[in-house]
Amino acid sequence: MAELSRVESMQYPAGHLAHLTENQQAQLNAFEKLAQEQGYYTPATDTAEASHDDETMLRFLRARRFVPQEAFKQFKDTEDWRKDQNINDLFETIEVDEYEQTRQLYPQWLGRRDKRGIPLYLFEVAPLNSKNISAYEKALSKAKTTSPKVATKNLRLFALYEALTRFVTPFCSMVTRPHPETPISQSNNIVDISNVGLKQFWNLKSHMQDASVLATAHYPETLDRIFIVGAPGFFPTVWGWVKRWFDPITVSKIFILSPANVYATLSQYIDHDNIPKKYGGGLDFEWTQMPNLEPEIEAAIKWEKPYLENGRKTLPTGPVKWEKGSNGEMQAWAVGRQNGQPRRELVLTIPNPVGYKTKPVANTPAHELGNPLTTVGTATHPPDVDDSTLDQSPPSDSPSPSSTPNIAAASTSPSSTPAQTSLPIREGTSEARYEQQSHTHARGQLAEGTPQAAVVDHGHGDKTVTMEPNTIGQAPKQIPLPEPEAPPAPGLLAQAQNAATQASGYVASTVSSVAGAVTGAVSGSSAANTAAKAEDDAPERAKSPADQQLDRQIDASNDLNVEVFLREQNRSKA
């Protein structure tokens with residue numbers, strides 16, 4: 001397993017409420033003062049809470065490295081955006097069925113937490129095939145929850161992020177955890193990309209980018225880690241453009257796990273009973289199910305009107321929000337609309353919330369807790385390559401698993417680099433039989449092991465075709481082309497006569513040149529004669545010593561060795 005580099009960071013609880021340094025606390029005070037002066041923040045009083053809690057303000061500060069002016073700029077943009085899009089009302093008025101349709105296409109809360117109390121989400125990508133996405137897009141056209149200012153799909157995405165910040169993270173902040181004095185404001189995600197073809201992966205680009213861009217702009221610092229499991233063989237090849245879909249900070253939080261390291265890595269951060277069984281843990285959970293609440297959460301709540309799924313109590317579909325009861329308990333209310341009618345049902349209460357919105361406590365800097373260092377996933381990423389010329393066009397095919405290296409090997413083993421031969425890459429020649437073929441539409445499809453024309457069925461209606469290189473005309477030939485016969489040296493008329501008898505053996509460019517010479521001879525055109533004579537008199541290009549040495553090495557090799565050499569040099573370096 002790749003070693004996980006350990007670096008200073010602001011991962012929970014460092015840089016969070018009750019665990020700030022003196023400088024961080026000073027910057028928080030300055031940020032809140034600046035926001036208050038500009039009319040975007042109202043501090044707490046004896047009878048009223050602040051307009052925004054400290055942990056929300058800290059999310060914007062952490063995203064801007066504790067620079068108050070930069071944090072306020074993003075905070076102001078977000079507050080203006082929320083007002084313009086009427087986000088607060090959206091969460092309480094969205095149609096429940098429409099909310100549920102969208103929830104099933106994005107990360108879903110398992111009802112479990114990691115060892116620090118941060119909520120754990122699961123995102124299975126394979127079900128997001130062309131058939132399901134197409135059906136979802138058709139449903140969007142019939143949506144009842146719409147806005148003239150923004151696309152309907154984005155409205156629904158806003159509601160999902162509101163569910164994270166207004167229900168799930170506050171829920172996890174009210175139950176027992178290692179640092180009850182520090183609110184939870186982030187999430188962990190297991191992203192399963194098993195059985196995902198390259199074409200499907202590319203087609204989901206906008207789907208993933210929409211969520212990432214929204215989170216970066218208006219929901220900063222809500223992500224703790226992403227664990228990618230089930231990475232297909234082609235993933236190291238496409239990682240270069242996949243990571244461009246996310247900002248650099250998000251990329252540093254991504255862990256790419258090989259099959260052998262999935263449980264070993266997840267269990268470092270998550271208890272066994274909270275890891276789904278398919279990844280080696282003990283949790284029963286299937287994609288699209290409602291949360292399977294962990295025992296610690298069940299012990300802290302009192303059900304009022306639960307939703308039943310497979311014989312167990314869980315949350316209802318649709319949005320749920322928190323309200324404070326008359327006796328200090330926290331109440332979870334199911335809201336939204338059902339068939340156009342407002343819904344308001346009390347789902348559960350938490351009689352004694354733990355550490356939620358308690359009075360401020362003295363800061364204990366994270367380094368005084370004994371473990372100020374946290375891990376990032378950079379060491380688990382495939383090695384960086386020079387992808388300045390990487391083709392960004394949509395892929396039309398997905399390589400078979402056998403044609404690309406294993407994810408673990410690609411990340412850690414130097415043997416994943418193609419073997420080098422003693423023959424240098426041939427350059428500066430016009431002889432087509434040795435010309436490099438990398439800059440073609442077939443680039444990246446020429447790795448060894450590519451099967452002959454085969455249909456790969458990825459399930460759910462997604463099929464791709466892999467092509468045998470020799471059938472697409474871009475790979476080196478199985479047998480080198482024969483040496484062309486030397487052209488005769490006689491005069492212009494003799495050359496024309498000879499060309500007429502051997503035209504079928506020449507390439508198209510030679511035929512065109514000879515045809516021009518014949519026309520000049522018949523018409524007596526002096527211009528044609530002059531051009532032909534200049535062509536005859538042109539000296540042959542002298543070959544460099546390196547080219548001459550390469551000629552001798554190639555001539556001394558048999559056809560098979562030359563074929564191997566050319567395949568190695570023309571193999572995709574992606």
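**Notebook: helices and strands of a predicted model**

I began with two helices, and I found that α6 (residues 130-140) and α7 (residues 152-173) pack at an angle of about 100°, with their axes 9 Å apart. For this I took axes as lines fitted to C-alpha atoms, for helices over the stretch in contact, with angles that run from 0 to 180 degrees between N-to-C directions. Therefore I noted α6 and α7 as roughly perpendicular to each other (65 to 115 degrees counts as roughly perpendicular, under 35 as roughly parallel, over 145 as roughly antiparallel, and the rest as oblique). Helices (H or I, at least four residues) and strands (E, at least two) are DSSP runs, numbered from the N terminus.

I wrote down that this is a predicted model, in which local features need pLDDT of at least 70 and side-chain atom pairs count only at pLDDT 80 or more, while totals for chains, interfaces and linings use all residues. Residues are numbered from 1 along each chain as its sequence is written, and side-chain values use heavy atoms, with hydrogens and water left out.

Next I asked which residues make the contact of α6 with α7. On α6 they are Tyr136, Ala139 and Leu140, and on α7 they are Thr152, Lys153 and Arg156, where contact means heavy atoms within 4.5 Å.

I then checked the length of helix α3 (residues 68-85): at 1.5 Å a residue its 18 residues should span 26 Å, and the end C-alpha atoms are 25 Å apart, which agrees. The expected span is 1.5 Å times one less than the number of residues. The buried residues of α3 include Phe72, Phe75, Trp81 and Arg82, where buried means under 20% relative accessible area, exposed over 50%, and partly exposed in between (1.4 Å probe, protein chains only). What covers the buried residues of α3 includes α1 (22-37), α2 (54-63), α4 (87-93), α7 and α9 (205-218). Just after α3, I noted that Asn86 takes a positive phi of about 55°.

Turning to the strands, I looked at β5 (residues 223-229), where seven of the seven residues are buried, so the strand is largely enclosed by the rest of the structure. β5 pairs in the parallel sense with β4 (residues 187-192) over six bridges, and two strands pair if DSSP finds at least two bridges between them. In this pairing Ile190 stands opposite Phe227. β5 also pairs in the parallel sense with β6 (residues 254-256), over three bridges, and there Phe227 stands opposite Phe255.

Another sheet, an open one of four strands, has the order β7-β14-β11-β10 with antiparallel pairing. Its edge strands are β7 (302-303) and β10 (320-324), each of which pairs on one side only. β10 and β11 (residues 330-334) pair over five bridges, with Trp322 opposite Ala332, and they form a hairpin with five residues between them, in whose turn Gly328 has a positive phi of about 90°.

β11 and β14 pair in the antiparallel sense over five bridges, and Met330 stands opposite Ile350 in β14. Finally, I returned to α7, which lies across β10, β11 and β14 (345-350) and runs at about 60° to β10.
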